[in-house]
Amino acid sequence: MIESSLKFDPKRDEINVLAEEMVFLPASNQKKLEKRNPKVVMLIVGLIIGAALLSLMIGLLVWHFHFRPDNRVKKMYNGYLNITNKQFTEELEDSDSEEFKTLAATVEEMLQETYTKTDGLAPYYVQSTVTAFSEGSVIAYYWLECRVPPEKEAELDKAVGALSVLSRSHPRFFSKSLRVNNMVIDRADPRKVKPPKDKSCSYDMHATPGTNSTFTSPGFPHSPYPADSWCQWVIRADSDHILELNFVTFDLEKICQNDFVTVYDSLSPIEKREITERCGVYPPTNALKLISSRNVMLVTLITDDNENYPGFKAVFRQLPKRKECRKVLEGSGVFSSPYYPAYYPPRADCTWILRVPPSMKVKVVFKVFLLQELKDGVCKDYVEINNQRICGKKPVLVLLGEGNEMTVKFHSDAAESDRGFSATFESYDANKPCPDEFACTSGRCIGKDLVCDGWNDCGDNSDEINCNCKEDQFHCGTGLCKSKFWMCDGVDDCGDNSDEESCQCDPEDMKCANGRCIPEEQKCNQVDDCGDRSDEKDCQHESMSVTCTASTYKCSNNLCIRKKNPECDGTRDCADGSDEQNCSCGFRPYKHSRIVGGVDAEIGEWPWQVSLHVKNHGNTCGASVISNHWLVSAAHCFQNTFGTKYSDPNLWTAYLGLHVQLELNDRVVKRDIKQIIVHESYNLQTFDNDIALLELSSPVAFSNVIQPICLPDATHSFPVGKSVWVTGWGKLKEDGYEAKVLQKAELRIIKRPICNTLLSSTVTSRMLCAGFLSGGIDACQGDSGGPMSSVEGNGRVFLAGIVSWGDGCARRNKPGVYTKAAKFRQWIKMRSGV
Ligand code: 4AZ
């Protein structure tokens with residue numbers, strides 16, 4: 001030891017080295033150097049390396065502990081667990097109470113113990129925070145915070161996931177005083193993470209028995225909700241109760257990534273217990289009404305930094321929890337998913353035993369059917385009949401039982417609920433399933449007069465097969481009989497195109513390679529209208545400028561493009577972008593229910609619909625909003641008669657945003673008419689040019705229920721066979737009463753030559769014909785002047801026509817006639833500036 005220290009005196013050697021280096025030796029001194037003891041040299045070099053290594057290590061340590069950026073990311077998880085050896089007390093609802101704090105501390109300690117001993121989680125564990133308790137025995141809701149290097153995130157997710165599964169089967173919690181039997185934990189959606197102790201927009205509420213309680217988003221209804229907010233409402237009911245939450249007003253931004261409300265069937269914002277996540281605007285006719293499975297609910301509102309909307313108003317109440325959802329129903333009756341028409345609660349199971357007399361069989365008709373389905377057709381929530389599960393969205397669904405008893409089961413899982421179902425059941429005689437009616441294979445019963453009439457009334461075509469075609473019918477290759485009027489109309493009515501082959505095409509039509517005729521304007525529209533693609537061959541690029549013709553779209557720079565209906569379709573087709581200008585139209589702010597059928601419109605479904613009242617006479621005509629102070633209607637509404645001067649603007653009042661006649665709520669806007677401009681060439685004998693413009697006394701503000709409809713360009717085509725909607729408060733029958741609630745009907749555009757054959761007067765090129773030859777669906781008196789709305793691919797709605805005339809209403813083979821709006825685009829622009 002001593003020897004080495006003698007040999008190794010760093011100070012002395014250092015000085016020597018320095019002294020040595022200070023002497024710049026000539027090359028001849030080389031030998032003298034080499035003669036030095038090599039051991040000493042080695043020592044010196046080692047010493048230098050050692051010192052360098054030491055300082056490097058110190059540096060690294062200092063950097064590591066003081067300066068190194070922490071690349072670990074914060075990860076939050078939400079969870080809850082059941083504590084079986086504690087009883088819930090009211091004090092546990094209050095996070096400031098001593099009881100809450102004591103139990104929270106015990107649970108947090110237990111979680112810390114557990115998580116810091118869990119493989120894959122322990123190194124990243126930061127803390128657990130209990131946020132709430134609820135009954136059952138006691139459920140504790142908490143956040144788990146971890147910090148993890150990004151590359152280990154997946155590993156951590158896996159460890160937490162495994163823990164959740166493990167703990168359910170083998171309770172394994174490290175606690176002396178708590179017994180825990182269930183734990184659910186899931187990674188928190190990063191958008192929904194909020195520091196658990198932040199109470200700046202956090203509310204706790206308890207339902208008051210027997211009354212409704214209300215809460216609103218911040219500022220509602222006086223100001224929009226704040227930007228970048230994160231709010232939560234904890235709602236509770238008494239034990240053995242559930243909650244019903246009804247958003248009576250719901251008006252949020254349309255893009256759910258930005259602003260959204262989430263409702264949970266839990267007090268943790270945990271995805272596995274999410275009842276629904278919503279944004280947009282819901283009309284009162286499609287209000288969101290949600291039900292919890294237990295006595296708690298959590299509502300969160302998360303908003304981003306721009307576009308803030310009015311928000312919501314919610315009403316909630318508690319309802320006694322049903323012990324059992326099982327019923328035996330006899331004879332006939334109605335039944336529905338729990339709490340229908342509210343969304344069904346999560347985790348519900350119901351059974352209905354339907355019984356009819358022994359000689360009969362059970363028939364069930366689902367009128368509304370909306371149950372959550374997983375993507376691949378697998379059911380999440382379902383109705384089960386005879387071991388067969390049914391889910392998704394169904395039109396009217398008829399099910400025939402095999403015997404006089406049928407068991408219908410309903411099941412919903414823990415998350416994502418939907419509207420549910422409403423059904424009726426009755427008995428049927430297997431030998432005579434439809435007394436005095438025709439029995440479809442689908443189980444439906446239809447009037448005998450609808451059999452072999454060329455219309456698929458059964459839904460499965462069973463009323464249209466094995467028919468002897470009548471004189472005025474065409475025999476399709478498929479065996480169906482179709483009205484000869486449908487031959488060569490550009491629509492495949494037979495299903496095998498046989499009604500569209502070997503046609504003599506009209507001059508304005510194009511003949512396809514397969515013999516079919518299609519309107520010339522359907523050529524090169526990127527849709528295979530011919531069925532053999534021959535109409536889409538040899539097409540120039542649609543946005544390329546072409547020579548202007550009557551059917552090409554003219555951009556503002558006077559160049560023409562080939563693309564059909566390019567206005568406001570979301571694609572910039574004109575080089576100057578003019579096809580996408582002035583597109584604040586044809587938009588429906590409200591989200592509508594997915595329940596189809598029905599004839600009553602929903603509130604805000606047709607926000608351009610106007611009711612024109614003749615003073616003291618109620619609804620007389622319809623009209624459409626085209627700007628904030630112009631309406632378009634039919635000229636014949638303003639034609640003077642011997643008794644009345646209908647052309648006098650003072651006679652009229654316009655109601656905008658109206659849904660039910662005479663129900664003038666705060667959404668409805670009433671305006672006098674400043675001037676009426678009837679088309680100069682309106683022909684009161686032929687109804688040609690049946691169009692008029694109405695200027696409002698003062699402009700209106702657009703709202704959820706008042707919006708302008710898009711006016712089609714002169715070249716816009718609404719092809720034969722296209723489905724369109726007609727709306728109004730007109731007569732419900734030719735000799736009947738006018739409607740109170742706005743009505744809607746879906747029609748099909750019919751080829752003009754067919755209409756000319758069928759109708760008493762001439763259908764000019766400024767008219768459109770639409771309806772059903774079977775009759776039953778049509779516009780009628782009082783609907784005149786109202787819109788025929790066409791929903792285009794991107795959801796935008798265009799004014800295809802204006803209700804004009806017909807031979808009576810809804811008669812067989814008497815379709816309705818409409819003013820072709822596209823023909824008057826220039827005229828509207830010229831006379832109103834719109
Ligand atoms: C009318 O009198 C009227 N079926 C409007 C439309 C139709 C018939 C009559 C179409 O205003």
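1. The side chains of aspartate 157 and lysine 75 form a salt bridge, with an N to O distance of 2.8 Å; the term denotes a side-chain nitrogen of Lys or Arg within 4 Å of a carboxyl oxygen of Asp or Glu. This pair connects distant parts of the chain, 82 residues apart: aspartate 157 belongs to helix H6 (residues 153–169) and lysine 75 to strand E1 (residues 73–83). Helices (H or I, at least four residues) and strands (E, at least two) are DSSP runs, numbered from the N terminus.

2. The model is predicted: local features need pLDDT of at least 70, side-chain atom pairs count only at pLDDT 80 or more, and totals for chains, interfaces and linings use all residues. Residues are numbered from 1 along each chain as its sequence is written, and side-chain values use heavy atoms, with hydrogens and water left out.

3. Are the two partners of point 1 buried or exposed? Aspartate 157 is partly exposed, at a relative accessible area of 21%, whereas lysine 75 counts as buried at 5%. Here buried means under 20% relative accessible area, exposed over 50%, and partly exposed in between (1.4 Å probe, protein chains only).

4. The salt bridge count comes to 23. One of them joins the side chains of lysine 117 and glutamate 113, at 3.1 Å from N to O. Both residues are partly exposed: lysine 117 has a relative accessible area of 47%, and glutamate 113 has 34%.

5. A salt bridge also links lysine 563 and aspartate 573, at 3.1 Å from N to O. Each of these residues lies in the loop between E33 and strand E34 (609–614), so the pair ties together parts that are 10 residues apart in sequence. Lysine 563 is buried, with a relative accessible area of 11%, and aspartate 573 is buried as well, at 6%. Elsewhere, salt bridges with shared partners join Lys75, Glu153, Asp157 and Arg187 into one network.

6. An open sheet is formed by 3 strands in the order E31-E33-E32, with antiparallel pairing. Strands E31 (545–546) and E32 (553–554) are the edges, each pairing on one side only. Two strands pair if DSSP finds at least two bridges between them; E32 and strand E33 (residues 560–561) run antiparallel and are joined by 2 bridges. Lysine 554 stands opposite cysteine 560 in E33.

7. The chain is divided into domain 1 (73–188), domain 2 (202–320), domain 3 (326–433) and domain 4 (599–832), with bounds from an automatic or database domain assignment. Taken over C-alpha atoms, the centres of domain 1 and domain 4 are separated by 62 Å.
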